[in-house]
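This report walks through a protein chain, from single residues to the whole. Please keep the sequence and the 3D view at hand while reading.

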Amino acid sequence: MTPDKIASELHRILTSIAAANSADIEITEQQLQLERPKNRAHGDWASNAAMQFGKRLGMNPRALAEQIAAELKLVDGIAVVEIAGPGFINITLDVAAAGQIAQDIVLAGAAYGRNSLLSGQSINLEFVSANPTGPVHLGHTRWAALGDSLARVLKAAGADIVSEYYINDAGAQMQKFGRSVLAAALNQPAPEDGYPGKYIQVLGEKVLKERPDLVELSPAEQLDVTTEIAYRLQLDEIKSSLANFNVNFDVWFSERTLHEQTDGGKSKIEIALDRLREAGHVYEEGGATWVRTSTFGDDKDRVFTRGNGIYTYFAADAAYLLSKSSRGSYEKIYLLGADHHGYVGRLKALSAVAGEDPERQMTVLIGQLVMLNGARLSKRAGNIVELDDLLEWVGSDALRFWLSRYPADSPLSLEGEKLRSRTNDNPVFYVQYAHARTCAVDRNAAAVGLQRDVFQPELLTHTSETELLGKLQQYPGIVAGAAQLREPHRITRYLEELAGSYHRWYDQCRVLPQGDEAIQPLHQTRLWLNDAAQQVLANGLDLIGVSAPERL
């Protein structure tokens, strides 16, 4: 008996009561999520459904609670239902029903916790999208961890996810990048506005090695050739760095493709302008082409094409958004940095101009910067902390776990040495140690011939077992909530709590027989509980892209 099953029963009961009272109200199982009482004397689970729906059903909340309680008492696996205060419903499961979850989890395996909450929803999730003009650095790392974790959580909730990296490979920054690398390749002074760092020198050397005839080309050809080779090399490095961070994208979308002519002779930007013009939101003024975004909440109208015929950044943004829609993405999620606050209104207005409902079809998550004390600036780039250096110093698991512990909009200052520590004060070690402990129990059980051929859940009566079982029951709801609220940090925090419950149970309840003690059903049943904890720890760690080691 899980909280989801109880919520399903509550939904059935309330729907029946609403029908009997001819009440036309919407009731969903998501509205009926249960809470774990702080005082365990109040039962295993608590619901405020009577107070939530009493007024809407035209009933006194306590009277409604009594009616709900009478029905819940008839449900198999529920031992006691009590009413508290103005209408709280406290539910106590019978021991066997509470313990059954251990076997259910082991049998479900990696599927435990996954749900269909977002089934049928097509979501494009764009994050990182750093310019391909330099290495991935600490500023990008937080969005990489959060974005990839969010993609995993949304997939676990049944959504069809496309994780996407927008490559800003057009415009002035690429020209500056090319000129910087070319100067390095030809051993010339760097441009005054050029990119700094030794990595530019390294790229210049690689370009010259790949094209030893570079000096023989015309200046224009030199710049084109250098830019293309350096761009390819730098993008490959970005992909490699992110892959080492356990982050992989479904789509790498090139901004250049928005400017390329299609079979119909028009670029995606021109097609976007035609679509916005057909919708009646384009006008000409001062020799420029404008889009009337102020009608939809933007602080001003936006220029699409300047008087000289050159497209603006806004034009590329419009074409890119419409490209996502044309590829079947209903909702677009953007993870943007703290310096992009002013971008939110523009994006939502653009969505509305394109005929979408931005409140339903667009989510923009604005994050704060992260500082990692003790991290050294890159020797190659000079003025940044590179992801590759961070991975060498603290490792992918520690970085991903800590960066996934907090909401995106929380400023972060991390202690590098704490991330590296192998103590219980380091949450990632604490959680991974719990998983490694479950694996050690399995190895020791196999050594003494203890197997899971008996399961008697009614034997799991110790208070630490009740606590651990309750925590395991919560996992599907945690995953659903993290997906619905777009908050993967809920998974990380839950794992820390689960690890704590497991460690307390491990210290208080023996799984293995001691000495010449015969193997008892309690030992075998506890092995099921051990393995259930192992499975949920592994499932949760996978959702935040962190490994579940068998040994530490």
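Does Thr438 count as buried or exposed? The model is predicted, and in it Thr438 has a relative accessibility of 0%. Buried means under 20% relative accessible area, so Thr438 counts as buried. The residue belongs to helix α17, which covers residues 427-448. Apart from neighbours within four places in sequence, Thr438 is in contact with Tyr502, Asn530, Gln534 and Leu537.

**Single residues compared**

| Residue | Relative accessibility | Class |
|---|---|---|
| Thr438 | 0% | buried |
| Cys439 | 5% | buried |
| Cys509 | 3% | buried |
| Asn48 | 36% | partly exposed |

How many disulfides does the structure hold? The count is zero. Cys439 takes part in no disulfide, and the nearest cysteine sulfur, that of Cys509, is 19 Å away. A disulfide needs two cysteine sulfur atoms within 2.5 Å.

Asn48 sits in the loop between β1 (45-47) and α2 (49-53). At 36% relative accessibility, Asn48 is partly exposed. Asn48 and Leu543 are 495 residues apart along the chain, while their C-alpha atoms are separated by 30 Å.

**Two packed helices**

Two packed helices are described by the angle between their axes and the distance between the axes. For helix α10 (residues 268-278) and helix α11 (residues 313-326), the axes come within 8 Å and cross at roughly 85°. Angles of 65 to 115 degrees count as roughly perpendicular, and α10 and α11 are therefore roughly perpendicular to each other.

Which residues of α10 and α11 meet? On the α10 side they are Lys268, Ile269, Ala272, Arg275 and Leu276. On the α11 side they are Ala315, Ala316, Ala318, Ala319 and Leu322. Sorted by class, this contact of α10 with α11 has eight nonpolar residues, two charged residues and no polar ones.

Strands of a sheet pair through backbone hydrogen bonds, either parallel or antiparallel. Here an open sheet of three strands has the order β7-β8-β9, and the pairing is antiparallel. Its edge strands are β7 (282-285) and β9 (302-305), each of which pairs on one side only. On average, neighbouring strands of this sheet are turned by 40° against each other, with direction ignored.

β7 and strand β8 (residues 288-291) run antiparallel and are joined by four bridges. Val282 stands opposite Val291 in β8. Helix α11 also packs on the sheet, where it touches β8 and β9. The direction of α11 makes about 85° with that of β9.

**The whole chain**

How many helices and strands does the protein chain have? Its secondary structure comes to 20 helices and 13 strands. Taken along the principal axes, the C-alpha atoms fill a box of roughly 85 × 65 × 40 Å. Of the 552 residues in the protein chain, 52% are buried. Among contacts in the protein chain with a separation of 6 or more, 71% are between residues 24 or more positions apart.

Terms used:
Residues numbered from 1 in each chain as written. Predicted model: local features only at pLDDT ≥ 70, side-chain atom pairs only at ≥ 80, totals over all residues. Heavy atoms only, no water. Axes fitted to C-alpha atoms, helices over the stretch in contact; angles between N-to-C directions. Helix = DSSP H or I, 4+ residues; strand = E, 2+ residues; numbered from the N terminus. Parallel < 35°, antiparallel > 145°, perpendicular 65-115°, else oblique. Contact = heavy atoms within 4.5 Å. Nonpolar A, V, L, I, M, F, W, Y, C, P; charged D, E, K, R; others polar. Buried < 20%, exposed > 50% of the residue type's maximum accessible area, 1.4 Å probe, protein only. Pairing = 2+ DSSP bridges.
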